[in-house]
Structures are given as structure tokens and as C-alpha cells.
Amino acid sequence: MLSIIKKLQAASLVALAALLVACTPSDGEPVTTLDFAESTQSVTTEAPTEEATAPDLDPGSDTERATEPVTEPETDTETEPREFRVSAYLDDFLAADLATFDASNLKNVTDVILFSSHFDNAGNVTIRPDAITAVQNLRELTKDNPIRIHVNLLGPFSTLSNGTNDEHMDSMAIEYKKAIDSGVLEQNIKNALEQYGFDGVFFDYEFPVRREHKDNWGAFLVSLKEVLGDEYLMGCAISSGSADLPIEAIRAIDRVELMCYDMWEEEDPDTLGMHSPLSVTIDCWKTLRRLGYESSQIDVGMPFYARPTNHGAYWYAYKDYYHLIDENGYYYDESIGLTMSFNNQETIYKKTEWAIEKGLGGVMAWNYQNDVSGDNELSLFRAVSQAKADAGVK
């Protein structure tokens, strides 16, 4: 079994902060408060982005766990092709500006998850003005081929200015617990989905590391799904190392955006040091299956960016280097003396092909804006669509 590297745990907060800075527009945005009659709290409007590290599983739990072995899905005997999802995270401010937004890859996705709205420790839900504009623009752009549009909500951050990674995670968990205990977060989320026409809500909680934190978060997910019912989808970005939620929460989640990136091959000599190869994806999937997740829940995450083979803190967008990488997805950057490892078209195709064969729900791209234009023959989204077409799924 692969030993998947998780060296970025200690740097997770720094990496997330860097991504937030990189993906937030420089000009300030007003904060709008939207009052809902059904709630005693408010839904407001504002900013923050994603990165995946995976802390170790916490084995000490009294919570029920699924222990079935990983099994192959039954052969699909339906005559109609099943839907195979292609989800893509997208920074809302990009889709808010139609003059500069590249919509050419929307034809290759089924779901868009808009960053970066959030909720605070009082249970108030904050929807950015750009997210409001983005969902309207995306509806218009895809009116002839509708897609699902979801809002991703980040939660409150650590209140510590210094400390270890675990101390920051403990501080974050306290703030999350305040939001959960507010008693209004679930209804405020549903109000926001209704107000702005989202199809669902997704979360990116990186990461609950202690058993009690996972149980608190899992109980909230169960409660929220009861409020949302079948009217709205509920999804979570999850790493294999923090996926051991209570089984009731696992069953309540509609979509799992499985973060199979910022992980490296450490055993296979043919792919040693490669960022997010297929072997890593398979290991992540097996972990979730053992924990009780259904394959149909899972969209396996694929990085549309590179990381250095030495696990350094560099992130290179595919669209900026696609013409420079070799047949194995490598690019040597002389300016920093490091080899960057990309998922090229071949890797993306193989991952999509594998996910379809195994009966997974779909694939996920982090992120939409890192690909080249959909008209470019080297587009990664085109590789996904080709794998779907070859497999006969829609």
C-alpha cells in the first residue's frame, strides 16, 4: 500500500492564507447585509481558497464505523447512459466579470462550486457580492445546457496569531462549535440558497483533527441535511486523512469532493515524487470506501496545478506551463532549481477512465481557472470529456 505523504500539515494555514490572497481581487468590496424574516441572524456579503493536506486518522472513537471491505460495483445494466459528474471549483469574482471570464470550459462541466463565501462563529452566512453576480452570469451562460451551481462556505478561522498546527486546528474547532451551537446556522444557509438560487452548499473544513471535533461537525451535517431535505445538495471537500466522520454524517452527505492532491508517490520507482498520480487517487478512494462512503458519493479531485517533486511550497497553474511540460507532466524550473509535477492530459484521462470504471460519481477539478481555454487541444477538461465520451457516459 502506498505511503501518502502528508508533510504539508504543519504549513496548511500558511498555504491557505497564501491562496486566499492570490485569489481575492485587489479592490475592496462592500459588505451587504441581507435580512431574512425566518431567521434571527443575518446573511451578509464578502471574501477568502483551497488547498489540501491530510492529518492522520484519529483512531480513538466510540462512534460507529463502517468496516466493510472495498468491493467492486455491480455492472451497470441500464440502457440509458448514467450521468458522470464533472465538478469544478471557481473563484466567484472571475465569473462575476463577463468581460474577462473564459466560459469556454463550461460545456465540459456539470457542476460549478463557487468560492469564497463563508459563515462566522455566530451562525451568520456571508455571501459575497461577486458570488451573487456570478451565479446570475453562469445561469445565463449555460441556459442552453444547464449546469448545477453551488456555493462553497468556509467557516471561521483560528483566532491564534502563533502556535502549532494542532493548536490552530483546536482554535478553529472552537469557532466552528460556536457557529454550530448558535442554533441558526442551518436555517441561514437554507435561506441563502433560496435567496440566490444555488443548487447546493459545499464546505471546505480543513481540518478537524480530534475525535470530538469530527463528531461535532458530523452532527451539524446531519442537522443541516434535515433542514435542506432533498431540495438542495450538501457536499464537503474531504481529504482521506480527515474523512472518518460519524457514519450518520457520512450517509447524510450528498457529494464528497475528495482532495487527492498535495500528495506524492513515495514507493513506486516509476512515479517516485510525482504529484497526485493515479496510485494516490486509488488509495484515497479505498480509504473512504472502508469508512463507509459510497463510490457514487465521491468525485475524485484532480489538480490543475503542479507541485515540486520535493514537496516544496510552490503551486504552478497548468495554463501557465502546459506548453513546457514533458510527456510525463514534468517541468524543470531553472530559476528555483526544482522539478514541477503536473497532471497532464494523459493522467487526467486515466483518472477519469478509472473513476468511471469503478462506479464513482464523478471527478472534481481544483480549479476551473487553472486550465487553458476549452478550445485548446491540450485542455485538461477536454481530456475529461474525451474519457467520458469513450466510456459512453453523459
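The axes of α10 (345–357) and helix α11 (residues 380–391) come within 8 Å and cross at roughly 35°, with axes fitted to C-alpha atoms over the stretch in contact and angles running from 0 to 180 degrees between N-to-C directions. This is a predicted model, where local features need pLDDT of at least 70, side-chain atom pairs count only at pLDDT 80 or more, and totals for chains, interfaces and linings use all residues. Numbering starts from 1 along each chain as its sequence is written, and side-chain values use heavy atoms, leaving out hydrogens and water.

**The α10/α11 pair**
- The crossing of α10 and α11 is right-handed, i.e. the near helix is turned clockwise from the far one by less than a right angle.
- On the α10 side, the contact (heavy atoms within 4.5 Å) includes Ile348, Thr352 and Ile356; on α11, Leu380, Val384 and Ala387 are among the residues involved.

**Helix α8**
- Helices here are DSSP runs (H or I, at least four residues), strands likewise (E, at least two).
- Buried residues (under 20% relative accessible area, 1.4 Å probe, protein chains only) of α8 include Trp285, Leu288 and Arg289.
- Among the elements covering them are α7, β9, β10 and α10.
- Just past α8, Gly292 has a positive phi of about 110°.

- β13 (residues 330–333) and β14 (residues 338–341) pair antiparallel over four bridges; DSSP must find at least two for strands to pair.
- Tyr331 sits opposite Met340 of β14.
- Four residues separate the two strands, and Gly337 in the turn shows a positive phi of about 70°.

Key
Buried means under 20% relative accessible area, exposed over 50%, partly exposed in between (1.4 Å probe, protein chains only).
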